[in-house]
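Here is a short report on a protein chain. Look at the sequence and the model first, then read on.

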Amino acid sequence: MPAYLDHASTTPLHPAARAAYLVALDDGWADPARLYREGRRARMLLDAARETVAGVLGARPDEISFTASGTAAASLAVLGTAAARRRTGDVVMVSAVEHSSVLHAAAHHERAGGRVVEVPVDGLGRVDPAGYTPVEGTALASLQHANHEVGTLQPVAEVAERLGAAGVPLHTDAAVTVGHLPVDLRDLGADLLTASAHKFGGPAGVGILAVRTGTRWRSPGPADEREGGRVAGYPDVPAIVAAAAALGARATELAAERGRLAGYVGELRRRLPALIDDVELLGDPDPAGSVGHISAFSCLYVEGEALLAGLDRAGIAVSSGSSCVSDALTPSHVLVAMGALSHGNLRVSFGRDSTRADLDALLDVLPGVVHEVRARLGASDLGAARG
């Protein structure tokens, strides 16, 4: 593929993860709960992986559990904390732009008789910390570290301080930032943090759940002895080892990579309005207010699905949050909450393997694709007419 630009969805396996996985397949296949030699070896690998992840995230090893996905981790964070604090209250606070995993967990809580308070965002997709002033009976609040569609960073530390003063724990979904920015659980002030390995070069099927010591949490499902009692089921030790290796390697690459990828995003945002009429750039234009590797924009008079198809024919992979994509025929809740155009949306996300040639390929092809789609719909001259 000439240009893979959907790294925010998933990114290729990091070489360090691949090497660690192959070793762990031979050395970590046994049950880490068993006391014989092979089990002890698997347990050592699992413990070492937990220590690596904890070290990168500023947590203690016993605060880290591994789940089957980032979605599973987010669900456990929200529902487990709500279950443990049921006597305190039944309110779960979420932002209007949370990932669907958090919103689905909140909806499940609501169907079970709880209440949900949704905090609005501004036109950049960012909450006002004052919006997280807890109402009576608040058991938990959840706020993503950065938005998965437009890349906007959220004021997690300010919200955590506000909630902490009221004794309300905060969960942050850091799937967009872990492995892409330095993330320290204690610096953020969050009580729970979740992430997903395949977003930073680990294998699919590994999620990270961090629960700070002292945070009340109770399994929302049947109890299990694995993973500190937080996660049921047999751990995939080789995959977990590979995820930890990817995260450890990413921690050493961030300083050099962030500037490079932010440069690609900046150039894309600068050049698009000159190449294509009627383009709305989404998210925070200030690089300091964004995760740095994600750029989103909307093109008037076209559907995102048509743009995706045209780019795919040219060998360019991006994603869309438009109102008409093949797997979800509903408007993006993120863009709706921002008050942004919910048609003709594209999200371009760069990764470790991205190059300037990828950016150039996109900018060479995209104007023609937009023009073709608009012409097919009879909308190619609408921009000029409006001008």
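## A pair in helix 7

Is E267 buried or exposed? E267 is buried, with a relative accessible area of 13%. Buried means under 20% relative accessible area, exposed means over 50%, and partly exposed lies in between (1.4 Å probe, protein chains only). The areas come from the Shrake-Rupley method.

This is a predicted model, in which local features need pLDDT of at least 70, side-chain atom pairs count only at pLDDT 80 or more, and totals for chains, interfaces and linings use all residues. Residues are numbered from 1 along each chain as its sequence is written, and side-chain values use heavy atoms, with hydrogens and water left out.

## Salt bridges

A salt bridge is a side-chain nitrogen of Lys or Arg within 4 Å of a carboxyl oxygen of Asp or Glu. The count comes to 19 salt bridges. In one of them, E267 meets R271 at 2.9 Å, N to O. These two residues are four apart in helix 7, so about one helical turn separates them.

R271 is partly exposed, at 31% relative accessibility. R271 also forms a salt bridge with D360 (3.8 Å, N to O). R271 lies in helix 7 and D360 in helix 10 (residues 356-376), so this pair ties together parts 89 residues apart in sequence. D360 is partly exposed, with a relative accessible area of 29%.

E38 and R37 make another salt bridge, at 3.7 Å, N to O. R37 is exposed at 54%, while E38 is partly exposed at 24%. There is also a network of salt bridges, which links R250, E253, E257, R260, R352 and D353.

## A positive patch

R86, R87, R216 and R218 gather in a patch of positive charge on the surface. Patch residues have over 30% relative accessible area and no salt bridge, and like charges are joined within 9 Å. Lys and Arg count as positive. The place of an Arg charge is taken as CZ.

R218 sits in the loop between strand 8 (207-211) and helix 7 (237-275). R218 is partly exposed, with a relative accessible area of 43%.

## The whole chain

The chain has 11 helices and 12 strands. These are DSSP runs, numbered from the N terminus: helices are H or I, at least four residues, and strands are E, at least two. Of the 387 residues, 54% are buried. The C-alpha atoms fill a box of roughly 70 × 50 × 35 Å, taken along the principal axes.

How values were computed: Patches are made of residues with over 30% relative accessible area and no salt bridge: like charges are joined within 9 Å, nonpolar side chains (Val, Leu, Ile, Met, Phe, Trp, Tyr) within 5 Å. Accessible areas come from the Shrake-Rupley method with a 1.4 Å probe; for residues, only the protein chains shown count as cover.
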